[in-house]
Amino acid sequence: MLIFLLLGIALSFVPITFVLVWIRYRKGNSAPQQADSLSIATRGRISYYELLQATDSLSESNLIGSGSFGSIYKGILRSGTPIAVKVFNLQLEAAFKSFDTECEVLRNLRHRNLTKVITSCSNIDFKALVLEYMPNGSLDKWLYSHNYFLDIMQRLNIMIDVACALEYLHHGCSSHVIHCDLKPSNVLLDENMVAHRSDFGISKLLGDNESDLYTKTLATLGYIAPEHGLDGLVSTKCDVYSYGIILMETFTRRKPNDEMFDGDLSLKQWVSYSLPKAIMGVVDATLVTPQDNHLNKKLDCVASIMKVAQDCCVESATRRIDMEDVVGMLKKIKIQLLAC
């Protein structure tokens, strides 16, 4: 009788043990092995009070930038993760649409050269995007602040990064995206000086079988394609035009409507009139010196870069090159520059 009792206990104990082991196994498999602080931050929305705590109540000392629809603050989460918080100015009616547009555009985009959105914070009277923090700031800062300097290779790498981001937006997404507001202040640099496109507040999504559309929203003067400024017609070729202007600006260190140009010349016209013979007078003087052992080769590379920029800025949108071609051309120039 005792034997049967022990056997019954043993038989009931085995299934219970099996169930406990199986539950433990399932838990072990579902738990992340080693989640970093950034992935922890992406698990859910961050509350308004967490953002206030991270940014010291949106302190002005943490203000790192501002745009048409709001301000950007640096913050640090409890986990120690640095973040950038884009707070939308809801006194502007367009800010609501800008917030919705950025959320829609960035929800499904994944590319190393696009600024990563960690999460969002939204209620009736507060809307913000929590973004990956870019410790090296913007391309605009590196071009025009006296304490910063980029050599030729760094500038070329940055512009290849930007071109790769646009190639993805124009050709690599299920819905093609037109950024509509390309400029150096929207090119952000991470700790490794890798460039990331940011600020999709006035971006446009092209639907199936759609190649262009009309908009009343104007981008930044100096970077707008002619058809966008005159007729409100935007397409991916508008981004190509803006990219060409930034490419010229990056290697000349002259803004599109620099007051130093003679008469009513623009950056595009100044470069066009100066090439190919006067490339030394066009290139940023800090990049090359007459004593440079590889001066001619470097000038040839810059001249080739300016030719790519000009091909991007052709007046007729249909004659402009695609970003796929731009990426290929700039990578070839990079190989030439590495040989210097």
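The largest pocket holds about 750 Å³ of space. This is a predicted model: local features need pLDDT of at least 70, side-chain atom pairs count only at pLDDT 80 or more, and totals for chains, interfaces and linings use all residues. Residues are numbered from 1 along each chain as its sequence is written, and side-chain values use heavy atoms, without hydrogens and water.

A pocket here is an open set of points on a 1 Å grid over the protein atoms alone, where a 1.4 Å probe fits, with protein on both sides within 12 Å along at least five of seven lines; lining residues have an atom within 4 Å of a point. Volume is the space filled by probe spheres set on the points, which are joined across faces, edges and corners.

The largest pocket has 37 lining residues. Nearest its centre lie Ile 72, Ser 185, Asn 186, Ser 198 and Asp 199. Elements that each give at least two lining residues include β2 (70–76) and α4 (93–107). Helices (H or I, at least four residues) and strands (E, at least two) are DSSP runs, numbered from the N terminus.

The second largest pocket holds about 390 Å³. Of its 15 lining residues, Cys 103, Leu 106, Arg 107, Arg 110 and Val 117 are closest to the centre. Helix α4 gives the largest share of this lining, 4 residues.

Now turn to Ser 235. Ser 235 sits in strand β11 (residues 233–235). Ser 235 counts as buried because its relative accessibility is 12%, and buried means under 20% relative accessible area (1.4 Å probe, protein chains only). Its C-alpha atom is 9.5 Å from that of His 176, 59 residues apart along the chain.

Methods: Buried < 20%, exposed > 50% of the residue type's maximum accessible area, 1.4 Å probe, protein only.
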